[in-house]
Amino acid sequence: MTDCTKGSPSSLRVPISGAKTMSNHTTTPWEQIRDESLAAMTGAERAEYDAVSVEAEARLQLADLVYNARTPAYLHPSSDADGR
């Protein structure tokens, strides 16, 4: 493998973009992985997954609301109370 991290342990090697490697990588669509994972769940596991998904979506929507309210006021998360 060609790497751009001279002197680093081999576990930290990062392939250079465009470098040829010996292995062929294929990707699987996330929808397929999700569907297979959901199909393998028991009824109780699926009910818990669905409940947690609803809660996670609600948290994401709340975070978006807070972010969108702060942005026009220039109150970014990295700002302190003085607006610096």
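Mentor: pLDDT is the predictor's confidence in each residue, from 0 to 100. The model shown here is predicted, so that score comes before any other reading.

Trainee: What is the mean pLDDT of the chain, and what share of its residues reach 70 or more?

Mentor: The mean is 77, and 58% of the residues reach 70 or more.

Trainee: Where does pLDDT stay under 50?

Mentor: Over residues 1–12. For that stretch the model has 14 contacts beyond four places in sequence.

Trainee: How many helices and strands does the chain have?

Mentor: The secondary structure comes to 2 helices and 0 strands. One of the helices is α2, which covers residues 43–70.

Trainee: How many residues are in the chain, and what share of them count as buried?

Mentor: The chain has 84 residues, and 4% of them count as buried. The label applies under 20% relative accessible area.

Trainee: Next, charged side chains. How many salt bridges does the structure hold?

Mentor: The general idea is that side chains of opposite charge can pair when their charged atoms come close. In this structure there are 3 salt bridges.

Trainee: Which residue forms a salt bridge with R59?

Mentor: E55 does, with the closest N and O atoms 2.7 Å apart. R59 and E55 both lie in helix α2, 4 residues apart, which is about one turn of the helix.

Trainee: Is R59 buried or exposed?

Mentor: R59 counts as exposed because its relative accessible area is 57%, and the label applies over 50%.

Trainee: How far apart are N and O in the salt bridge of D50 and R46?

Mentor: The distance is 3.0 Å, N to O. D50 and R46 are separated by about one helical turn because they stand 4 residues apart in helix α2. D50 is partly exposed, with a relative accessible area of 33%; R46 is also partly exposed, at 33%.

Trainee: Which residue forms a salt bridge with D35?

Mentor: R34 does, and the closest N and O atoms are 3.3 Å apart. D35 has 43% relative accessibility, so it counts as partly exposed. R34 has 31% and therefore counts as partly exposed.

Trainee: Now the nonpolar surface. Which residues form a nonpolar patch there?

Mentor: L62, L65 and V66 form it, with about 300 Å² of accessible area together.

Trainee: Where is L62 placed, and what is its relative accessibility?

Mentor: L62 is in helix α2. At 53% relative accessibility, L62 counts as exposed.

Conventions:
Residues are numbered from 1 along each chain as its sequence is written. This is a predicted model: local features need pLDDT of at least 70, side-chain atom pairs count only at pLDDT 80 or more; totals for chains, interfaces and linings use all residues. Side-chain values use heavy atoms; hydrogens and water are left out. Patches are made of residues with over 30% relative accessible area and no salt bridge: like charges are joined within 9 Å, nonpolar side chains (Val, Leu, Ile, Met, Phe, Trp, Tyr) within 5 Å. Accessible areas come from the Shrake-Rupley method with a 1.4 Å probe; for residues, only the protein chains shown count as cover. A salt bridge is a side-chain nitrogen of Lys or Arg within 4 Å of a carboxyl oxygen of Asp or Glu. Buried means under 20% relative accessible area, exposed over 50%, partly exposed in between (1.4 Å probe, protein chains only). Contact means heavy atoms within 4.5 Å.
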